Every structure is written in structure tokens, then in C-alpha cells.
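Subject: Structure handover

Hi,

Here is the structure I promised to pass on to you. My notes on what turned up in it follow below.

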Amino acid sequence: MSTPLPAPYTESRPLPPYRALFAVDAKDFTGLPAVQHGPVSQLIPELVDQALERAGLHALRDSKRFPANTGDGVVFGFDPVFLPYVLWPFLGVLDDVLGAYNQQSVGPRIRLRASVHVGPLPDADRPGDGNGTARNDTHRLLDSRPVKAILAAASEQITHLAAVISQRVYEDVVLGAYTGLHPDRCVEVPATVEGKSFSQQAWLYVPSPSGNLVQAGIQPREEPADADADADADADADAASREAAPATRPGTRYSGNSQQVNEGAALMGNVGGDFTYTGRSTSYHGTNQHWGSGDNVTGDKQVGGPGDRR
């Protein structure tokens with residue numbers, strides 16, 4: 001007979017160890033013919049392990065905690081000491097591995113969403129290990145609107161991976177400068193999931209942005225040839241932009257029925273009211289505009305009128 005669990009808030013108990021979490025799932029997996037589900041389900045963990053090896057993370061590959069194949073992806077826990085290396089270089093290497101596979105494969109293209117989170121989870125080699133709020137939030141982040149929309153809007157030839165990083169990981173690892181991933185490569189987004197009572201701030205990182213994503217300010221991994229000169233030019237351009245525009249902070253801001261995106265963020269979802277994009281001298285005005293799969297932010301243009309869709 002199992003021991004009854006104590007009710008919450010009736011007594012103190014040890015906090016489970018902190019475990020980092022990594023999860024991926026495949027875009028449009030359910031749209032594949034049934035005969036391809038099994039092979040793709042087996043292929044995804046192989047590609048993830050291949051990227052771990054190429055990134056030099058052999059120890060992480062061999063020490064995953066409570067790994068699981070979710071059918072259209074994988075999830076596993078690991079020691080948080082590896083978090084800086086998962087953010088950089090692993091995510092970029094995984095994008096490269098996916099790109100190489102998609103270029104030579106005659107089968108379905110594999111494009112992945114990824115989420116990275118950390119939190120207390122039971123891990124004592126017992127049934128039920130790895131289950132808890134941190135695990136649930138990892139999957140919610142993976143299913144959130146921004147990461148789905150940005151992968152759908154990107155070129156399937158160039159962008160093979162879009163990652164969403166939790167606020168906790170971003171603060172501890174990215175802002176703490178423990179990783180090679182620079183904060184300027186990340187875009188702040190409100191992570192919400194359709195039909196779920198979930199809402200958290202999170203950060204998007206796209207290792208290989210394409211087309212409209214680049215135009216919207218998402219930075220590619222490649223460093224410029226003359227980094228100092230480009231940095232000076234960017235600083236001058238940013239200073240001029242700040243003088244010409246209202247003072248705003250990088251990221252995505254939501255207020256009432258209006259939404260504003262600044263300094264290279266991209267907007268996804270439904271907009272009721274006026275939408276203004278001020279990050280690259282491009283503005284869109286109108287009502288009931290919808291931004292979703294395949295929509296592009298292109299050029300410097302002004303459009304207006306109710307119900308505009310661009």
C-alpha cells in the first residue's frame with residue numbers, strides 16, 4: 001500500500017534538484033503520411049545526438065535524465081552546468097545538422113522547434129522522475145505561438161530550427177554571460193499557448209534567420225568580417241534611430257488593443273486595433289490584421305485601411 005502524499009502547504013520537504021530541460025518537436029509532423037511517422041520519430045533523436053556529438057557535448061549525450069520520445073520529438077533533462085553550451089554552440093550545430101540532412105534527403109524535411117528551460121524536478125531513479133511544473137512549462141514553451149509562427153514564416157530552405165528560451169534560463173545564462181549566445185541575438189516574446197492558461201515572457205533565438213526574419217532584425221550567427229567597423233556603424237545608426245523615434249526598449253510590448261514591436265522583433269498572431277512596427281522604419285496601420293504562416297515583413301512601406309493584411 002502506497003504512503004499517502006502530504007497535502008500542499010501542510011509541511012516542508014526537500015526541494016528537488018534543479019534540472020535543465022531540452023525539448024524539440026517537428027513542424028507539420030501530423031501532416032506527414034502515416035507510413036513516415038515511425039521513421040521520422042526515430043530520426044529526430046538521432047539528429048539531436050549527432051548534433052550533441054558535433055558540439056563536443058558527449059558527456060551530456062551520455063548522461064541524459066528521464067529522456068522520452070514524444071513521437072514528433074524528444075525531451076530530456078540534464079545537469080544545468082551544460083546550459084551555456086546547449087545555447088551556444090549546440091543550437092547552432094543542430095540547425096547545421098538539420099540543414100545538411102534536408103539538403104541531401106529525399107524524404108520529408110525535418111524542421112524543429114526547440115525549448116530550453118530549468119527548474120526543480122524529482123530525479124532519484126524512481127518512477128515519475130522528471131515530472132513537475134518545469135517539465136510542463138518546457139512543453140508549453142515549445143507549443144507557444146511565437147516559436148510556431150516564426151518557424152512557419154521563415155524559409156524552409158534556410159531556417160531549420162527556431163528555439164524558445166525561458167526567462168529563467170535567459171536571465172541566469174545569457175544575461176549572466178556564461179554562454180557564447182549574445183543577448184542581441186534573442187528577441188523577447190510573450191509565450192502563450194492556444195487553449196491553455198499559460199503566459200510567460202520568453203526569448204526567441206533563430207540560428208539561421210531567413211528573408212523576412214533578417215529584415216525584421218533577427219541576427220544571423222555569422223560575425224561581420226570587420227566587426228569593429230560594423231559595430232561603430234550600427235551604434236551610429238541606433239543613435240540616429242533613437243533620436244528620430246520614441247524611447248522604447250528592445251523586445252515586444254503589448255498594450256490594450258495596440259501592439260508595438262521595436263529593435264528587430266517580429267509580430268505573430270491576431271491584432272485587434274492598430275499595429276505599428278517601429279524597428280526598421282516600417283509601419284503598418286489598420287484594424288483586424290492577421291499575421292501567421294508565411295506572412296512576410298518586406299521593404300519599407302506604409303499601408304492603411306481597415307482589414308489590411310500584409
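Two strands are taken as paired if DSSP finds at least two bridges between them. Helices (H or I, at least four residues) and strands (E, at least two) are DSSP runs, numbered from the N terminus.

Two words on the source first. This is a predicted model, in which local features need pLDDT of at least 70 and side-chain atom pairs count only at pLDDT 80 or more, while totals for chains, interfaces and linings use all residues. Residues are numbered from 1 along each chain as its sequence is written, and side-chain values use heavy atoms, with hydrogens and water left out.

Now the hairpin. Strands S6 (residues 187-192) and S7 (residues 199-205) run antiparallel and are joined by six bridges. Six residues lie between the strands, and in this hairpin glycine 195 has a positive phi near 80°. Across the pairing, glutamate 188 is opposite tryptophan 203 of S7. Five of the six residues of S6 are buried, so the rest of the structure largely encloses this strand. Buried here means under 20% relative accessible area, exposed over 50% and partly exposed in between (1.4 Å probe, protein chains only).

Rings of Phe, Tyr and Trp (its six-membered ring) pair if their centres lie within 6.5 Å; planes under 30 degrees apart count as stacked, over 60 as edge-to-face and the rest as tilted. The count by this rule is four aromatic pairs. In one of them, the ring centres of phenylalanine 22 and phenylalanine 90 are 5.3 Å apart with the planes at 75°, so this pair is edge-to-face. Phenylalanine 22 belongs to strand S1 (residues 18-26) and phenylalanine 90 to helix H3 (residues 83-104), so the contact ties together parts that are 68 residues apart in sequence. Phenylalanine 22 is buried, at 1% relative accessibility, and phenylalanine 90 is buried at 1%.

Tryptophan 203 comes back here: with tyrosine 170 it makes a stacked pair, 3.8 Å centre to centre and 5° between the planes. Tyrosine 170 sits in helix H6 (residues 167-174), 33 residues from tryptophan 203 in strand S7. Tyrosine 170 is buried at 5% relative accessibility, and tryptophan 203 is buried at 10%.

Ring pairs also link Phe22, Phe76, Phe78 and Phe90 into a cluster.

Finally, helix H4 (residues 133-142) has buried residues that include Ala134, Asp137 and Leu141. Viewed down the axis of H4, the buried residues fall within an arc of 165° (taken from the directions from the helix axis to the C-beta atoms), so they line one face of the helix.

Best wishes
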